Amino acid sequence: MSTKDKKELKILCPICGGEECINKSTVNLYLSTVESFFRYKKDNSDRSCERYPTVGDIGECVKTSKRIWLCPNCKKPFEANYKSGETTIQCPNCNSTLSIPASHRTLC
């Protein structure tokens, strides 16, 4: 992602519509680091983290405290929607399969 694209990317909270819920520097860092996944992914791997990109945790709604994730494929945010024990989810915007980070797979 070029510097120009990063500055033009305007992402609103999918829950309340606010701009303050999204951490812009986290979005930029996530999108630049996930680029390497697409170069090295292993389509035939048994491990979901090698086949599918990890969803980006980019903020928290200031009104509801719900976590906000970002799809690296369509670059649209959505409310975190994982189920305990699952390793992948579908993006509600583009329906692509995404890997859930290990730290988000269990609820305390």
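Student: Which residues of the largest nonpolar core touch the most other members?

Tutor: Keep in mind that this is a predicted model. The largest nonpolar core holds 13 residues, and I22, V27, I58, I68 and L70 are the ones that touch the most other members. Both α2 (24–40) and β2 (67–70) supply at least two residues of this core, and the largest share, five residues, comes from α2.

Student: Which residues does I58 touch, if those up to four places away in sequence are not counted?

Tutor: With those neighbours set aside, I58 touches C21, I22, N23, T26 and V27, and it also touches I68, W69, L70 and P77.

Student: How should I read the strands, and in what order do they lie in the open sheet?

Tutor: As a general idea, the strands of a sheet pair through backbone hydrogen bonds, and the pairing can be parallel or antiparallel. In this structure, an open sheet of three strands has the order β1-β2-β3, and its pairing is antiparallel. β1 (56–60) and β3 (77–79) each have a single partner strand and stand at the edges, so one side of each is left without a neighbour in the sheet. Direction ignored, neighbouring strands of this sheet are turned against each other by 35 degrees on average.

Student: How many bridges join β1 to β2, and how many does the pairing of β2 and β3 have?

Tutor: β1 and β2 run antiparallel and are joined by four bridges, and within this pairing D57 stands opposite W69 in β2. The antiparallel pairing of β2 and β3 extends over three bridges; there, W69 stands opposite F78 in β3, while I68 has E79 as its bridge partner.

Student: What is found in the turns of the two hairpins?

Tutor: The hairpin of β1 and β2 has six residues between the strands, and S65 takes a positive phi near 65 degrees. The hairpin of β2 and β3 likewise has six residues between its strands, with K75 in the turn at a positive phi of about 60 degrees.

Student: Which strands does α2 touch where it packs on the sheet?

Tutor: α2 touches β1 and β2 as it packs on the sheet, and its direction makes about 175 degrees with that of β1.

Student: How many aromatic pairs does a search of the whole structure find, and why does the pair of W69 and F78 count as edge-to-face?

Tutor: The search finds two aromatic pairs. One of them is F37 with F38, which is edge-to-face at 5.5 Å centre to centre, with 80 degrees between the planes; F37 is buried, because its relative accessibility is 15%, whereas F38 is partly exposed, with a relative accessible area of 35%. For W69 and F78, the ring centres lie 6.3 Å apart and the planes stand at 85 degrees, so this pair is edge-to-face, since planes over 60 degrees apart count as such. Both W69 and F78 are buried.

Student: How do the elements run along the protein chain from the N terminus on?

Tutor: They run α-α-α-β-β-β-β-β, and the secondary structure comes to three helices and five strands. Of the 108 residues of the protein chain, 31% count as buried.

Conventions
Residues numbered from 1 in each chain as written. Predicted model: local features only at pLDDT ≥ 70, side-chain atom pairs only at ≥ 80, totals over all residues. Heavy atoms only, no water. Core = buried A, V, L, I, M, F, W, Y, C linked by side-chain atoms within 4.5 Å. Buried < 20%, exposed > 50% of the residue type's maximum accessible area, 1.4 Å probe, protein only. Contact = heavy atoms within 4.5 Å. Phe/Tyr/Trp six-rings, centres within 6.5 Å; stacked < 30°, edge-to-face > 60°. Pairing = 2+ DSSP bridges. Axes fitted to C-alpha atoms, helices over the stretch in contact; angles between N-to-C directions.
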